[in-house]
Amino acid sequence: MKPPRLRKGDKIAIVSPASAVAAYVPRRLARGIATLEKMGFEVVLMPNATAVHSHTAGTIGERLQDLHMAFADPTIKAIISTIGGFNSHQLLDELDYELIRNNPKIFVGFSDITALFAGIYQKTGLTTFVGPALLTQFGQFDGLDPYTEESFNRTFMQTEPIGRIEASEEWTDEILRWDVADDRRREHHPNAGYTIVKTGVAEGPILTGNTGTLLLLAGTPYLPSFDGVVLMLEDDESETPETIDRYFTQLRHMGAYDKIAALVVGRFPRKVDFDPDFPLKDIILRATRGYDFPIILDADFGHTDPVATLANGVRIHVEATDSVTLDILEAAVE
């Protein structure tokens, strides 16, 4: 089930289903809202988007209230999270999936919000989206990177097949302290493009998100099926080579590699500090030993910028031969 497309003038709701960062960076929050307004949208900050309850953005009830209000309001056409963080999976047990199923709309963000995207997709069949969040992307000093904005528009504002995900020309993982030092464009680096780990050709529906968060759902009714999917995973700068190795080994033990059609991994921040003598490529080769599906690294999604928007359940064609082709074969909205 695909949500209706987005049009200029539409109303977008801002929610904080996980961490309470938005409460502490009012300038960054205002800048993100201003970027959306300049893009032609009306922005509604939901009542608890800047709430604080210990380490979360409000209680479970407050965070659920915002999501349910946003889905129930027929004037709201899209929902964007402020940021990820931790603990959005606390909402899964009490989410009103019937309400969501009866009011399909765009819901986009990334990182910890993976738990909600996966759970909603699994429980309702609604296409959910990993893409830019309000604080991290829209709230940048110079707004959205052109690559990020172009992908956002192609995904949400037209009903033609989305098409190819080309590698960006440049990327950044520079961290500037929000509301203190984020008063300039971040330093960018030339992008060397995709890295092929295993060659091959595949096609299947996308299943995407943050690796550690997705694996929180193992053994629960909220984890989508791996059958035939192109698994598109990323993770953040707080991870280490050891934890990334553990995640990809867990996927092996879960039987994911028996089922998936291909694996595409988003670019990691340099802070993860992979061993040059045993880099990410070798970690993944070890975890996927004995399997023969295409594997691609360094795609433009995750915790570096710019980011492509990816849609759970939408079919993608993957080629890893002399070069890489990632071609989304259908529209993500109606």
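# A guided tour of the model

The structure contains 14 salt bridges. A salt bridge here is a side-chain nitrogen of Lys or Arg within 4 Å of a carboxyl oxygen of Asp or Glu. This is a predicted model, in which local features need pLDDT of at least 70 and side-chain atom pairs count only at pLDDT 80 or more, while totals for chains, interfaces and linings use all residues. Residues are numbered from 1 along each chain as its sequence is written, and side-chain values use heavy atoms, with hydrogens and water left out.

## Stop 1: charged pairs

Select Asp 142 and Arg 185. They form a salt bridge, with the closest N and O atoms 3.3 Å apart. This pair links distant parts of the chain, 43 residues apart: Asp 142 is in the loop between α5 (134-138) and α6 (146-156), and Arg 185 is in the loop between β7 (170-171) and β8 (189-190). Helices (H or I, at least four residues) and strands (E, at least two) are DSSP runs, numbered from the N terminus.

Are these two side chains buried or partly exposed? Asp 142 is partly exposed, at 38% relative accessible area. Arg 185 is partly exposed too, at 36%. The cut-offs are these: buried means under 20% relative accessible area, exposed over 50%, and partly exposed in between (1.4 Å probe, protein chains only).

Glu 170 is partly exposed, at 32%.

Next, pick Arg 154 and Glu 150. This salt bridge spans 2.8 Å, N to O. Both residues belong to helix α6; they are 4 residues apart, so about one helical turn separates them. Arg 154 is partly exposed at 22%, and Glu 150 is partly exposed at 39%.

Finish here with a group. Select Arg 27, Arg 28, Arg 31, Asp 179 and Asp 182, which are linked in a network of salt bridges.

## Stop 2

Select strand β4, residues 106-109. Which way do its residues point? Ile 106 and Val 108 point one way, Phe 107 and Gly 109 the other, and all are buried. In a regular strand the side chains alternate between the two faces of the sheet.

β3 and β4 pair in the parallel sense over 3 bridges; two strands count as paired if DSSP finds at least two bridges between them. Ile 80 stands opposite Val 108 in β4. Follow the chain from β3 through helix α3 (residues 97-102) to β4: this β-α-β crossover is right-handed. That means that, with the strands pointing away from the viewer, the path from the first strand over the helix to the second runs clockwise.

Now show strand β5, residues 129-130. It runs parallel to β4, joined by 2 bridges. Val 108 stands opposite Phe 129 in β5. The chain crosses from β4 through helix α4 (residues 114-124) to β5, and this β-α-β crossover is right-handed.

## Stop 3: the eight-strand sheet

Colour the open sheet of 8 strands, in the order β6-β16-β15-β10-β11-β12-β13-β9; its pairing is mixed. β6 (163-164) and β9 (195-198) stand at the edges with a single partner strand each, so one side of each lacks a neighbour in the sheet.

Zoom to β10, residues 200-210. This strand is mostly covered, with 8 of its 11 residues buried. β10 runs antiparallel to β15 (residues 315-320), joined by 6 bridges. Ala 202 stands opposite Val 318 in β15. β10 also pairs with β11, in the parallel sense, over 5 bridges. Here Gly 209 stands opposite Leu 233 in β11.

Step on to β11 (residues 230-234) and β12 (residues 262-266). They run parallel, joined by 4 bridges. Leu 231 stands opposite Leu 263 in β12.

## Stop 4: nonpolar cores

A nonpolar core is a set of buried Ala, Val, Leu, Ile, Met, Phe, Trp, Tyr and Cys residues joined through side-chain atoms within 4.5 Å. Select Phe 107, Leu 231, Phe 248 and Leu 263: of the 57 residues in the largest nonpolar core, these touch the most other members. Helix α4 gives the most to this core, with 5 residues. Domain 1 (11-161) and domain 2 (164-328) both give residues, so this core lies between them. The domain bounds come from an automatic or database domain assignment.

Last, look for another core, apart from the largest one. It has 50 residues, among them Leu 135, Ile 162, Ala 262 and Val 324.
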